[in-house]
Amino acid sequence: MNHTNQDTCSTTVPYKTISIDLGADDQKKPEFLGINPNGRIPVIIDHNRNDFPVFESGAIVLYFAEHYDKDSKFSFQDANEKSKMLQWLFFQNAGIQYGIDRYQNETKRLYSMLEKRLKGRDYLVGKGRGKYSVANISTFMWARLKEWSDRIGEREAVKRGLLVPREEDQIVRLRDPNVEDPFKGWFMKRQNEVKEKHGK
Ligand SMILES: N[C@@H](CCC(=O)N[C@@H](CS)C(=O)NCC(=O)O)C(=O)O
């Protein structure tokens, strides 16, 4: 299934998404392994730059920041802030996901670290209450700390992004009364808002 999206915001570029079937192990097939030898999603192919492929979510957001966020809207120019952004990004990629996969206690510990970090600030990195940056974009889907994820979830681009790529499948699945999903109420509410706004 392919989707295209064009945004009016200067920092976004048109893109097309391709859904693969993880249940059928599409991600382990030779054509996919040619893009990501680790056989996992997400991956991107940048047609603006000679079909350059990037795998690993952390590497992907940094790639976007480097090539498509020239004004540092979602990243930082200051060396120390940039380092902090990388620290939280690596924390997410190395820590949270590993914890989720392997150890419940480790996951709880990592979440409580995030909670502590977010005391008195809105986002993980940046002066004052912080700035919505690559560090948050990457961590948001894994760590759904209530207030923080609500704040990020209110962003128009995030709302639209969450409906990509398998909007129809998600809606059908979540509308099923037998399906229990912590994300369900939130998703349906956002989905209706997007529908009203964009007439989708
Ligand atoms: N460290 C990787 C992890 C990616 C990952 O775990 N992807 C999962 C889906 S969220 C996947 O592809 N699972 C299928 C598999 O492992 O075969 C990243 O952040 O990109």
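What follows is a short chat about this predicted model.

Me: Hi! What kind of model is this, and how are the residues numbered?
Reply: Hi! Residues are numbered from 1 along each chain as its sequence is written. The model is predicted, so local features need pLDDT of at least 70 and side-chain atom pairs count only at pLDDT 80 or more, while totals for chains, interfaces and linings use all residues.

Me: What's the mean pLDDT of the chain?
Reply: The mean is 79, and 76% of the residues reach 70 or more. pLDDT is the predictor's confidence in each residue, from 0 to 100.

Me: Which elements have the lowest and highest mean?
Reply: Strand S1 (residues 2-5) has the lowest, 38, and strand S3 (residues 43-46) has the highest, 94. Helices (H or I, at least four residues) and strands (E, at least two) are DSSP runs, numbered from the N terminus.

Me: How do S3 and S4 pair?
Reply: S3 and strand S4 (residues 52-55) are antiparallel, with four bridges. Two strands pair if DSSP finds at least two bridges between them. Asp46, for example, has Phe52 in S4 as its bridge partner.

Me: And what's in the hairpin between those strands?
Reply: Five residues lie between S3 and S4, and Asn50 takes a positive phi near 60° in this hairpin.

Me: New topic: which residues have the most contacts inside the largest nonpolar core?
Reply: Those are Met85, Trp88, Val125, Val134 and Ala135, in a core of 14 residues. Helix H2 (57-68), helix H3 (79-102) and helix H5 (134-140) each supply at least two residues of this core. A nonpolar core is a set of buried Ala, Val, Leu, Ile, Met, Phe, Trp, Tyr and Cys residues joined through C-beta atoms within 7 Å.

Me: What does Val134 touch?
Reply: Leaving out residues up to four places away in sequence, Val134 touches Val61, Leu62, Ala65, Phe74, Ser75, Met85 and Leu89. Contact means that the C-beta atoms of two residues, placed from the backbone, lie within 7 Å.

Me: Where is Leu114, and why is Leu114 called partly exposed?
Reply: Leu114 is in helix H4 (residues 104-117). Leu114 is partly exposed because 19 other C-beta atoms lie within 10 Å. A residue is buried if 20 or more other C-beta atoms lie within 10 Å of its own, exposed if 12 or fewer, and partly exposed in between, with C-beta atoms placed from the backbone.
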